[in-house]
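This report describes how the two chains of the structure shown below meet. It is written for a reader who has not seen the structure before.

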Number of protein chains: 2
Amino acid sequence: MNHSSADQDCDSTQMLHYLSKEEAVAMEMELLRDYHFGLHQLTEILGHACAVAITKTYPLSTLGKRQPTVLVVCGPDQNGCIGLACARYLRLFEYMPTVFYPKRSSQSPHLDFTVQCEKMDIPFLSYLPTEVQLINDAYNLVVDALLGPETELGTAAEPFTSIMLTLRGVKIPIASLDIPSGWDPDEASIDGINPDVLISLMAPKRCALSFSGIHLLAGRLLPYDIQKKYELNLPKFPSTACITELH
Amino acid sequence: MNHSSADQDCDSTQMLHYLSKEEAVAMEMELLRDYHFGLHQLTEILGHACAVAITKTYPLSTLGKRQPTVLVVCGPDQNGCIGLACARYLRLFEYMPTVFYPKRSSQSPHLDFTVQCEKMDIPFLSYLPTEVQLINDAYNLVVDALLGPETELGTAAEPFTSIMLTLRGVKIPIASLDIPSGWDPDEASIDGINPDVLISLMAPKRCALSFSGIHLLAGRLLPYDIQKKYELNLPKFPSTACITELH
């Protein structure tokens with residue numbers, strides 16, 4: 001093992017690579033198939049890192065409302081499951097998350113992470129108010145885990161279109177996980193969410209080039225060989241941090 | 001949900017509870033059965049937290065040797081699997097871990113976490129030198145994940161007895177995961193390891209009352225209801241930290 005050469009391979013002075021949808025899918029497939037990562041494991045790592053990213057960006061002490069409320073909007077894909085894990089960690093970090101999870105998945109990670117939230121006494125909303133003022137008044141911020149890179153836009157029909165319409169009207173900050181809901185991983189979309197914060201998972205996707213808000217990278221797990229193969233040139237994570245800033 | 005009462009239930013001025021072996025087994029069973037945590041998930045959380053604990057206690061900049069080498073000794077039980085996850089995170093945190101894992105388990109988490117280490121180019125030793133000076137010279141510290149609370153002492157025959165004998169002779173620091181190998185969860189044992197650092201996982205076990213070294217708690221995951229049921233009275237974890245000090 002040559003320790004110093006691994007560092008040189010990830011030289012932070014080289015250009016950060018923004019993954020295409022195809023590359024992102026291939027990279028995750030490799031992690032699952034060749035590196036034996038499990039979906040529960042990846043979801044846990046990424047959900048934790050997202051909650052850390054949110055805590056660093058919106059610390060408890062800076063929240064405007066009396067209660068540290070956060071609305072976490074979860075979809076039926078992997079992105080939504082990471083949202084569920086994120087909600088559980090936000091509760092452990094002493095926030096008061098509420099989950100809105102309108103289209104439940106019957107996949108094993110979703111079922112397990114839902115039970116874990118319910119058993120943490122995290123409330124689940126049965127519907128999202130269409131009156132945005134109610135959302136602005138009730139929550140300090142929204143975590144958008146509705147639609148992810150793997151969601152085909154063609155399937156993004158109801159209730160997702162209505163939810164995105166509502167979220168586009170809220171005045172409180174929105175933090176999107178991996179890509180803003182409604183965007184294609186390869187490009188921005190005016191029909192999607194316009195978040196204040198984008199939390200890229202493992203590596204940024206190409207659409208993030210069109211994003212001008214606060215941009216964080218969450219999830220420190222990629223083996224050096226994968227980083228090299230996809231020429232990611234990720235920035236260094238400080239010490240034991242699981243998040244870092246992207247520019 | 002009553003947010004403030006949850007905090008009061010975990011009042012840090014109350015006495016920390018040290019779990020008996022029976023309580024530790026029952027608590028983990030509840031996490032798996034009622035809270036739908038998975039073994040991969042728990043192993044990932046705890047392995048990560050152990051690597052953070054080791055990094056905080058022995059930062060890269062303070063290591064005596066030219067290379068940041070760490071020997072991680074893993075057994076066939078859950079403790080050993082957490083050691084494998086810890087080794088992977090130590091590599092991500094830029095240490096140079098080497099794993100010694102003499103009795104491999106055929107259980108799914110062990111197999112997956114072994115592949116993840118191998119794919120991170122972490123070397124596996126085929127035998128442990130009996131000449132302790134070789135260990136003292138080659139490594140900065142040892143992580144002891146050989147025998148855990150679930151290991152029956154009756155089964156701790158070879159190669160474990162010889163490995164413990166060797167490790168009792170090393171001069172470099174040893175950090176034990178959950179309990180020092182060879183100890184019973186309920187009490188210390190003179191036949192076991194005498195670590196410099198004890199990293200209790202989720203909650204301290206009763207034998208830790210006999211331990212006088214550096215004592216850390218790793219793994220911030222316990223639902224508030226579990227903490228209350230077992231009257232753990234855990235200290236507060238600062239901000240988003242996954243470890244905290246115990247006294």
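## Polar links between the chains

Chain B and chain A share 14 residue pairs in polar contact, both residues being at pLDDT 80 or more; a polar contact is a pair of N or O atoms within 3.5 Å, where within protein one must be able to donate a hydrogen and the other to accept it, and residues adjacent in sequence count only if both atoms are side-chain atoms. Between chain B and chain A there are also 2 salt bridges, each a side-chain nitrogen of Lys or Arg within 4 Å of a carboxyl oxygen of Asp or Glu. A:Glu94 and B:Lys236 form a salt bridge, with their closest N and O atoms 3.0 Å apart.

## Basis of the values

This is a predicted model, in which local features need pLDDT of at least 70 and side-chain atom pairs count only at pLDDT 80 or more, while totals for chains, interfaces and linings use all residues. Residues are numbered from 1 along each chain as its sequence is written, chains are lettered from A in the order in which they are written, and side-chain values use heavy atoms, with hydrogens and water left out.

## Extent of the contact

The contact, meaning heavy atoms within 4.5 Å, involves 41 residues from chain B and 41 residues from chain A. Because 100% of the interface residues of chain B are also interface residues in chain A, the copies meet through the same surface.
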